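Subject: Structure handover

Hello,

Here is the structure that is being passed on to you. Notes on what was found in it follow below.

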Amino acid sequence: MNAIHYRKVAALGTEIFYREAGERHNPHILLLHGYPSSSFMFRNLLPILGKDYHVIAPDLPAFGFSGVPDPASFAYTFENITAVIQHFIDLLQIERFAVYIFDYGAPIGLRLAMANPGRITGIISQNGNAYEEGLSEGWNPIQKYWYDPSEANRDELRKFMTAEFTAYQYREGVSDQTLISPDGIELDQYFLDRPGNMEIQLDLLKDYVSNVRLYPSFHRYLNQYQPPFLAVWGDKDPYFLPAGAKAYKKDLPNATIKFFDTGHFALETHADEIGKEILLFMETIT
């Protein structure tokens with residue numbers, strides 16, 4: 001097993017914690033987590049990829065062990081978080097890289113790809129959505145808040161930050177519940193419960209509409225540049241439907257789409273299988 005290193009670097013004034021595996025001279029892979037997780041979700045994948053690749057997995061601002069910028073001076077939008085991660089990869093001198101996008105990491109990673117098309121060697125999407133057909137009915141209360149940002153609609157979304165809902169995201173769609181380690185659930189909830197974090201997360205849910213509005217731009221980027229693309233998708237995800245994976249074929253006819261019998265956090269149950277698919281994919285692009 002390859003060693004995993006735990007580091008921090010200041011990017012645009014925010015301390016970014018990240019996990020790193022593999023030798024720097026190897027091809028780079030950037031792993032971007034989602035909500036409400038952190039780079040901890042990649043703990044089983046890092047050793048698999050680190051043997052042949054240089055892998056970095058940052059915690060996004062206000063997630064995991066990264067710093068929490070003051071909302072009074074830092075607007076919690078996906079555009080601003082992307083700017084921090086852009087500075088992060090520039091500081092680490094990651095010139096060309098494949099990007100693994102999951103959940104919130106998808107609009108961030110695709111923004112990075114649009115801004116750095118010549119630096120992207122490939123895209124791996126694990127339940128990382130970029131098409132409206134991928135959004136399930138579970139998004140309905142969030143969409144209601146987008147178009148009517150009242151306090152009542154904001155308060156309705158507070159249930160998404162409860163321990164019960166965090167566990168639901170991990171467990172829904174998983175046939176063998178004994179494969180779900182409690183560590184990720186408990187760690188995610190610990191960070192969600194930090195003072196002030198609920199308001200930050202509500203701000204990000206409100207801003208998620210900016211990602212949906214960018215979908216046509218994401219599609220144009222994919223269609224124009226045709227980055228090598230692999231989807232590894234938990235097909236029982238209650239929030240990002242299999243149709244979202246299949247939709248990538250509209251712009252990327254050569255995309256490889258693989259489904260797994262699991263839920264949203266597919267790495268919790270299928271890290272070995274997904275790791276194998278990523279290694280096969282990386283062999284074709286590096």
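Glutamate 199 and arginine 158 meet through their side chains in a salt bridge, at 2.7 Å from N to O; the term stands for a side-chain nitrogen of Lys or Arg within 4 Å of a carboxyl oxygen of Asp or Glu. Glutamate 199 belongs to helix H8, while arginine 158 is in the loop between helix H5 (151–156) and H6, so the pair ties together parts 41 residues apart in sequence. Helices (H or I, at least four residues) and strands (E, at least two) are DSSP runs, numbered from the N terminus.

On the source: this is a predicted model, in which local features need pLDDT of at least 70 and side-chain atom pairs count only at pLDDT 80 or more, while totals for chains, interfaces and linings use all residues. Residues are numbered from 1 along each chain as its sequence is written, and side-chain values use heavy atoms, with hydrogens and water left out.

Salt bridges

Glutamate 199 is partly exposed at 32% relative accessibility, and arginine 158 is partly exposed at 23%. Here buried means under 20% relative accessible area, exposed over 50%, and partly exposed in between (1.4 Å probe, protein chains only). Both residues belong to a network of salt bridges that links Arg154, Asp155, Arg158, Glu199 and Asp203.

The count of salt bridges comes to 12. In one of them, the side chains of glutamate 20 and arginine 7 meet at 2.5 Å, N to O. This pair links distant parts of the chain, with glutamate 20 in strand S2 and arginine 7 in strand S1, 13 residues apart. Glutamate 20 is buried, with a relative accessible area of 7%, whereas arginine 7 is partly exposed at 35%. Lysine 8 forms a salt bridge with glutamate 15, and their closest N and O atoms are 3.5 Å apart.

The sheet

Eight strands form an open sheet with mixed pairing, in the order S1-S2-S4-S3-S5-S6-S7-S8. Two strands pair if DSSP finds at least two bridges between them. Strand S1 (4–11) and strand S8 (256–260) stand at the edges with a single partner strand each, so one side of each has no neighbour in the sheet. Strands S3 (residues 28–32) and S5 (residues 97–101) run parallel and are joined by five bridges; leucine 31 has tyrosine 100 in S5 as its bridge partner.

Helix H7

In helix H7 (residues 182–192), the buried residues are Gly184, Ile185, Leu187, Asp188, Gln189, Phe191 and Leu192. They pack against helix H6 (163–171) and helix H8 (197–225), where contact means heavy atoms within 4.5 Å.

Aromatic rings

The whole structure holds 27 aromatic pairs. Rings of Phe, Tyr and Trp (its six-membered ring) pair if their centres lie within 6.5 Å; planes under 30 degrees apart count as stacked, over 60 as edge-to-face and the rest as tilted. Tyrosine 104 and tyrosine 208 form a tilted pair, 5.9 Å centre to centre with 35° between the planes. Tyrosine 104 and tyrosine 208 are both buried. Phenylalanine 160 and phenylalanine 165 pair edge-to-face, at 4.7 Å centre to centre and 80° between the planes, and both are buried. Ring pairs also link a cluster of residues, including Tyr35, Phe63, Tyr104, Trp139 and Tyr208.

Regards
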